[in-house]
Amino acid sequence: MGEDLEVRIPLKGRPVPNVTWRRADRNISSDPKYNIHNTESSTVLIIPKVSRDDSGKYHLEIENGVGEPKTITVSVKVLDTPSSCQRLVVKNVSRGKATLSWEPPLIDGGSAITNYIIEKRDSTKKSYSNVTTECSNTTYKIEGLSEEICYFFRVSAENENGVGDPCETVDPVRATETPDYVISNKARDEKEWTKGQSDYSQVGPVTVQEIIIPPEADLIDYPGNEVSVRIGQTVNIELPYKGKPKPVTQWLKDDIPLKESEQVRLRLTENKAALTIRNVRKDNAGKYTLTLDNKISKNSFNIQVITLGPPSSPIGPIKFDEIKAQGIIISWNEPNDDGGGEITCYSVEKRETSQAAWKMVCSSVVRTTFKIPNLIKGTEYQFRVRAENKYGVSEALPSEAVVAQHQYKPPGPPGRPVVYNVTSDGMTIQWEAPGYDGGSPITGYHVEKKDRNSLLWTKVNTTAISGREYRIIGLIEGLEYQFKVFAQNNAGMSPASETSKHTLAISPVDRLTSPEIDIDASFKQTHIVKNGGTVTLHIPFKGKPPPLATWTKADGEIGVMADINTTETSSTLTIESCTRYDAGKYTLSLENNSGRKSITFTVKVLDTPGPPGPLTFKDVTRGALTLMWDAPLNDGGARIQHYVIEKREASRLSWQEVSIKCSRQILRVTNLAIGVPYLFRVMAENQFGLGEAYEMSEAIIATEEPAPPKRLDIIDTSNSTATLAWLKPEHDVFKSLFLVPTFDLFSSCTKD
């Protein structure tokens with residue numbers, strides 16, 4: 001405060017831009033209070049002897065007829081004492097007491113109001129005396145006033161810079177409870193009241209009751225209970241209210257009490273509650289609630305504040321969908337926040353990383369992908385993207401640096417070489433192709449060798465090997481050798497493969513070895529395949545003589561779609577068009593004259609479930625019964641979600657649903673026709689669909705009472721026993737549609 005303020009803004013443009021300084025909407029270029037100096041490269045605003053009244057936003061606008069005008073906003077905060085308080089009123093005056101109420105200063109002096117100082121003076125005197133120097137609220141109740149004296153009051157706000165200007169009451173106030181009354185009267189059929197003209201009369205006794213008015217606020221000025229505001233502007237919400245007794249007001253934001261700040265101001269009059277938010281930011285959007293509570297009832301009124309402004313930046317990272325020497329395709333995701341307006345387009349810029357300047361590529365991209373053409377091969381670029389709506393342009397989303405060149409890379413390492421066909425001076429190796437070819441086809445392979453006693457690797461081949469098998473000759477008998485393989489493409493040579501096992505160069509004559517399975521720890525013991533897919537189990541092995549390879553499946557036979565291909569060094573089981581019945585454990589057994597070896601693998605097929613277990617019944621009554629069943633032996637590789645149960649009359653072919661979402665393995669079926677035979681079927685369902693059904697082979701009739709047995713005969717008797725025989729009834733509770741042959745049942749009854 002009291003010092004000169006200088007604001008210097010560098011600028012550039014061809015031709016030299018025109019400069020305009022504004023405060024609010026007023027052009028201050030010609031105001032003698034301000035000194036403005038402009039050059040080709042800068043503009044300077046000087047405010048001499050600043051005070052709190054100079055606080056606020058200053059807008060600089062430059063334009064030169066080329067492109068759109070540019071605007072920058074400078075916020076000036078002057079550290080000073082606060083300005084005077086607003087709307088000081090005296091209310092609730094009673095004998096020796098009065099309550100002061102006021103609004104905070106419009107300018108807080110650049111720091112928060114910490115305290116209010118309240119003073120009073122006799123209307124016949126000129127000097128004020130302190131009432132309190134420690135008041136943190138905007139209301140204060142003064143006690144101990146004389147009823148014989150008329151008082152003036154004043155309030156001053158205080159911040160860390162000192163005490164501000166006072167705000168005084170206009171009229172003196174006497175603290176007394178004896179009001180003056182004026183009685184008016186009028187006849188029932190008259191319109192005008194006559195003040196103090198009526199004859200004396202006595203009416204009474206009279207009971208005076210205070211009128212009760214529930215608190216209400218008027219939101220008619222806010223259709224849909226919404227208000228929209230541009231970011232950076234001010235929103236002012238004024239809600240007229242009523243209520244008796246007078247309600248206590250409180251503002252909430254998103255159901256949290258709202259506190260006053262330099263940005264947020266709350267004002268309260270006798271019939272209006274006002275909320276002002278200056279320089280609105282994105283986070284000021286939300287639900288604002290005015291609560292009115294007069295202890296009779298409490299009501300809340302909501303206003304939704306919607307902020308309008310530029311969108312947030314697009315969601316990254318920027319992806320490089322295609323990279324070539326002359327062009328790169330990039331893509332990104334839409335912004336999370338559209339700023340209250342539809343995204344109209346995107347702008348894409350580029351720059352060479354060796355330069356600082358950005359160049360516009362396209363300012364009207366309508367999709368979230370764009371091909372950037374005309375790049376210089378071998379140059380490193382960076383790109384950035386902005387989103388745009390009718391309110392402005394977002395912050396930029398920058399990309400990583402990328403070189404404009406074909407994205408060939410050397411391939412990954414080939415598979416570990418496997419040695420076989422060993423002689424005293426040669427060995428044959430084979431290997432798998434790299435899992436990654438670097439974006440360019442493999443053009444050949446190179447092999448190196450090393451014996452156990454050597455430290456150096458020696459290249460074996462002179463030209464690239466086109467296949468994935470190679471015979472190395474010229475070895476020294478009795479030495480152990482290792483091999484490694486490199487793959488090559490247009491970008492160069494791959495890393496080396498894992499080295500092979502040490503193998504002794506020796507004549508194979510009369511040398512017998514037991515079977516040995518040649519897989520490493522990375523080989524999967526469980527193979528998962530979708531229904532209709534293909535699973536391949538390739539198992540390399542060795543042994544002298546070559547072992548006999550046999551594939552078996554636990555609890556069943558290998559399916560007809562399986563193909564087995566066995567050589568002297570490996571065996572491959574391939575199952576095409578897999579179904580749930582191909583799931584299970586597969587075992588490869590190797591056997592020769594020197595021994596036996598086996599390995600087991602699990603194949604898991606992701607399919608619909610198999611049929612549930614057999615159906616059983618219990619609790620059979622007239623027209624109802626309870627079904628029970630077992631879970632499928634094969635769940636299709638996924639958890640059973642529920643079961644579908646259907647029924648049909650034995651005389652019909654169409655099925656009817658009983659339950660389609662049964663989560664248990666038991667179901668009570670009701671509403672069956674009396675005396676009608678029914679068939680039931682159950683299907684399990686998992687995430688891949690509805691499985692195969694289990695269907696009853698015989699029908700069942702739900703009835704309560706079985707028919708009586710036939711032809712009761714006494715077969716044999718003795719002193720204490722009798723043997724009885726009878727025929728089975730024509731039908732019982734579980735009568736089958738296709739009746740089984742009747743036969744005699746025998747029972748012995750012993751009389752005690």
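Colleague: Hi! Where does Gln233 lie?
Modeller: Hi! Gln233 is in the loop between S19 and S20. Just keep in mind that this is a predicted model.

Colleague: Buried or exposed?
Modeller: Gln263 counts as buried, because its relative accessibility is 13% and the cut-off for buried is under 20%.

Colleague: Which backbone oxygen lies 3.1 Å from a polar atom of its side chain?
Modeller: That is the backbone oxygen of Asn279. Asn279 is also among the residues Gln263 touches, beyond those up to four places away in sequence, and so are Thr276, Ile277, Arg278, Val280, Arg281 and Asn284.

Colleague: Let's move to the core. Which residues have the most contacts inside the largest one?
Modeller: Ile237, Trp251 and Leu275 do, in a nonpolar core of 22 residues. Two or more residues each come from strands S19 (226-230), S20 (235-244), S24 (272-277), S25 (286-293) and S26 (298-308). S20 gives the most, with four residues.

Colleague: What is Trp251 in contact with?
Modeller: Setting aside neighbours within four places in sequence, Trp251 is in contact with Ile237, Leu239, Pro257, Leu258, Leu266, Ala273, Ala274, Leu275, Thr289 and Leu290. There is also a second, separate core of 21 residues, which includes Leu625, Leu679, Phe680 and Ile700.

Colleague: In what sense do S19 and S26 pair, parallel or antiparallel?
Modeller: Parallel, over five bridges. Arg230 has Leu308 in S26 as its bridge partner.

Colleague: Now S53. How many of its residues are buried?
Modeller: Four of its five residues are buried, which leaves strand S53 (residues 624-628) mostly covered.

Colleague: What do S52 and S53 form?
Modeller: A hairpin, with two residues between the strands. Gly623 is in the turn and has a positive phi of about 75°. S53 pairs with strand S52 (residues 616-621) in the antiparallel sense over four bridges, and Phe617 has Leu627 in S53 as its bridge partner.

Colleague: And S53 with S56, parallel or antiparallel?
Modeller: Antiparallel, over four bridges, with strand S56 being residues 666-669. Met628 stands opposite Ile666 in S56.

Colleague: Let's zoom out. Which domains is the protein divided into?
Modeller: Domain 1 is 5-76, domain 2 is 85-174, domain 3 is 213-308, domain 4 is 319-404, domain 5 is 418-505 and domain 6 is 513-606. The centres of domain 2 and domain 5, taken over C-alpha atoms, are separated by 97 Å.

Colleague: Which residues does UniProt list for "domain: Ig-like"?
Modeller: The unreviewed UniProt entry lists residues 1-73, 215-307 and 515-600. In the model, residues 215-307 are 0% helix and 59% strand, with end C-alpha atoms 29 Å apart. Residues 515-600 are 0% helix and 58% strand, and there the end C-alpha atoms lie 15 Å apart.

Colleague: And for "domain: Fibronectin type-III"?
Modeller: The unreviewed entry gives 81-179, 314-411, 413-507 and 611-706. Residues 314-411 are 51% strand, and residues 413-507 are 39% strand.

Colleague: Last one: Asn592, buried or exposed?
Modeller: Buried, because its relative accessible area is 11%. Asn592 is in strand S50 (residues 584-592), and a polar atom of its side chain lies 3.0 Å from the backbone oxygen of Thr513.

Technical notes: Residues numbered from 1 in each chain as written. Predicted model: local features only at pLDDT ≥ 70, side-chain atom pairs only at ≥ 80, totals over all residues. Heavy atoms only, no water. Buried < 20%, exposed > 50% of the residue type's maximum accessible area, 1.4 Å probe, protein only. Polar contact = N/O pair within 3.5 Å; in protein donor to acceptor, adjacent residues only side chain to side chain. Domains from an automatic or database assignment. UniProt positions renumbered as here; feature names shortened; annotations may be inferred. Core = buried A, V, L, I, M, F, W, Y, C linked by side-chain atoms within 4.5 Å. Contact = heavy atoms within 4.5 Å. Pairing = 2+ DSSP bridges.
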